[in-house]
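Try each task before reading its solution.

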Amino acid sequence: MQVTDAAVVAQVLAGDRDAFRILVERHSRSLYHLVYRMTGSSEDSEEIVQDTFLRAFKALEKFELRSNFGTWVYRIATNRTLDFLKSKKMNDTQQYRIAEDPDPDDSREIQLAATAATPDRLAISEQMKSRMAQALSLLTPAERVAFTMRHMEGRSIDEISKTLNLKSSAAKNSVFRAVQKLRQQLEPFASPAK
Amino acid sequence: MKHLSEEEIVLHYYGDADDEAQVKQHLAECSACRAEFERLQSLLSSVPSVEVPDPGSFFEEKMWLNVRDRLPEKPAAAKSFWAAGRKWALAGVMAIFLAGAFFAGRFWPGRPPQIVKVNAPVADPQRVVLVAVGDHLERSQMLLVEIMNADDKSVLDEATQMQARDLLNTNRLYRVSAQQAGDPRIAHLLDQLGRVLAEIANAPSQVSDNDLRDIRSRIQSDGLLFKVRVVGSEVNSRVRRMEQNSPAATQQRL
């Protein structure tokens with residue numbers, strides 16, 4: 001039977017530092033996915049995931065064993081990403097590009113899922129892709145995080161507001177503003193709904 | 001009839017509108033808002049998701065190795081105001097004590113210096129060797145993980161090869177030590193590790209994709225990374241046990 005996260009945390013707090021490895025191995029990949037969706041960079045995502053675990057270890061005493069370690073560390077990662085996005089000023093439109101065949105040397109390139117649209121619904125033209133990239137770049141860090149959490153990760157408004165330490169209305173507003181900006185950029189290039 | 005705002009329509013798409021029932025009812029009755037909602041629905045359902053590139057099969061291991069090297073000894077204790085206050089109070093007492101000691105030392109009549117015999121703790125040579133071997137295995141593990149995880153052949157650059165050469169030199173010493181100490185398991189592992197390190201250190205300056213593939217398959221076929229990890233962990237456990245059973249630790253407990 002798999003040892004629970006709470007039991008591992010208790011083990012680490014009792015002095016077994018190496019037991020922390022279990023938590024890193026269990027959660028690092030999902031955190032990497034989350035962070036990558038917000039930063040679009042493998043290197044930055046790895047760095048943020050590592051930093052997240054370092055912070056989690058240092059703050060482990062504050063973790064309540066009844067809580068979910070995955071949720072707790074997810075919040076730390078999201079906040080670290082938010083700080084990172086703010087410091088990097090990711091809303092620079094030159095920073096993002098979208099490509100079907102990403103250049104492995106270019107960490108600023110986002111690859112879009114090839115299964116995004118069926119032919120009869122929406123053809124993602126080259127123009128559409130560049131608009132999408134531009135739209136993503138126009139989002140503020142908070143909007144980008146809120147949109148990723150709500151649209152791509154399916155997280156609730158309650159989770160977003162708790163993670164970003166916002167009121168529920170402010171979290172909703174961040175999601176709305178993100179969608180509004182995406183619409184302004186993408187709608188002129190989308191085919192009309194059938 | 002008052003139409004729905006853009007915000008209400010967007011939030012309804014995610015099921016987050018303040019009054020979902022009212023929005024639904026309005027959409028059923030108002031064709032203009034319904035058309036607006038359908039337009040949004042069509043757009044958002046076609047927003048492509050960001051495809052995350054696979055970080056590699058050794059990703060978790062790489063993360064742990066990088067995190068472990070930066071971890072403090074133990075998690076920070078939760079600090080309270082009183083704990084912080086006590087800390088400063090203690091610092092104040094210490095400062096007063098030190099100042100008192102300083103002035104007492106200055107004005108107290110001097111005494112001839114005395115030779116004091118100190119029984120310095122003697123390090124257990126076996127433990128010292130094991131600590132060094134553990135460290136060597138960790139560093140080797142990091143190098144191997146880096147190579148297995150790299151996106152392309154550029155990982156085998158000059159710096160990596162130099163690192164492999166350094167590890168190779170120390171590897172020889174530890175292998176001989178392990179043989180002399182009668183530890184065939186570690187000696188055998190270091191022998192295997194040495195062959196791979198030599199291959200990395202001696203790779204041509206212009207490495208091809210095939211060279212990288214060969215090195216990787218050698219690491220994989222020998223199960224080297226796994227063995228290094230397991231033996232490294234065992235060595236560290238032995239070191240910890242020795243530390244716990246050392247006379248100094250026993251004395252401390254008493």
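Two residues are in contact if their C-beta atoms, placed from the backbone, lie within 7 Å. Helices (H or I, at least four residues) and strands (E, at least two) are DSSP runs, numbered from the N terminus. This is a predicted model, in which local features need pLDDT of at least 70, side-chain atom pairs count only at pLDDT 80 or more, and totals for chains, interfaces and linings use all residues. Residues are numbered from 1 along each chain as its sequence is written, while chains are lettered from A and ligands numbered from 1 in the order in which they are written.

**Exercise 1. Describe the makeup of each chain.**

Step 1: start with chain A. There are eight helices and two strands in this chain, arranged along the sequence as α-α-α-α-β-β-α-α-α-α.

Step 2: turn to chain B. Its secondary structure comes to 11 helices and one strand, and the pattern reads α-α-α-β-α-α-α-α-α-α-α-α.

Step 3: look at burial. A residue is buried if 20 or more other C-beta atoms lie within 10 Å of its own, exposed if 12 or fewer, and partly exposed in between; the C-beta atoms are placed from the backbone. By that count, 40% of the 194 residues of chain A are buried, and for chain B the figure is 20% of 254 residues.

Step 4: check the range of the contacts. In chain A, residues 24 or more positions apart account for 65% of the contacts with a separation of 6 or more. In chain B, 73% of the contacts between residues at least 6 apart in sequence join residues at least 24 apart.

**Exercise 2. Find what surrounds helix α3 of chain A.**

Step 1: take its dimensions. Helix α3(A) covers residues 42-58, has 17 residues and reaches 24 Å from its first C-alpha to its last, close to the 24 Å expected at 1.5 Å a residue. The expected span is 1.5 Å times one less than the number of residues.

Step 2: pick out the buried residues, which include I48(A), V49(A), F53(A) and F57(A).

Step 3: identify their partners. The buried residues of α3(A) pack against α2 (20-39) and α4 (69-88) of chain A, together with α4 (59-70) of chain B.

**Exercise 3. Describe the side of chain A that touches chain B.**

Step 1: The contact takes 51 residues from chain A and 36 residues from chain B.

Step 2: find the main contributor. On the chain A side, the largest share, 10 residues, comes from α2(A).

Step 3: sort by class. Ala, Val, Leu, Ile, Met, Phe, Trp, Tyr, Cys and Pro count as nonpolar, Asp, Glu, Lys and Arg as charged, and the others, Gly among them, as polar. The side of chain A that touches chain B then has 29 nonpolar, nine polar and 13 charged residues.

**Exercise 4. Is helix α6 of chain A enclosed or open, and what follows it?**

Step 1: count. In α6(A), 10 of the 12 residues are buried, so this helix is largely enclosed by the rest of the structure.

Step 2: name the cover, which includes α2, α4, α7 (157-164) and α8 of chain A.

Step 3: Just after α6(A), G154(A) takes a positive phi of about 65 degrees.

Step 4: continue to N165(A), in the loop between α7 and α8 of chain A. Most residues other than glycine have a negative phi. Phi of N165(A), however, is near 55 degrees, a positive value in a residue other than glycine. N165(A) counts as exposed because it has 11 other C-beta atoms within 10 Å.

**Exercise 5. Work out how helices α8 and α9 of chain B pack.**

Step 1: take the geometry. The axes of α8(B) (residues 184-201) and α9(B) (residues 209-221) come within 11 Å and cross at roughly 170 degrees. Axes are lines fitted to C-alpha atoms, for helices over the stretch in contact, and angles run from 0 to 180 degrees between N-to-C directions.

Step 2: classify. Angles under 35 degrees count as roughly parallel, over 145 as roughly antiparallel, 65 to 115 as roughly perpendicular and the rest as oblique. Therefore α8(B) is roughly antiparallel to α9(B).

Step 3: list the residues. V196(B), E199(B) and I200(B) of α8(B) meet I215(B), R218(B) and I219(B) of α9(B).

**Exercise 6. Judge the confidence.**

Step 1: take the chain B average. The pLDDT, the predictor's confidence in each residue from 0 to 100, has a mean of 78 in chain B, where 76% of residues reach 70 or more.
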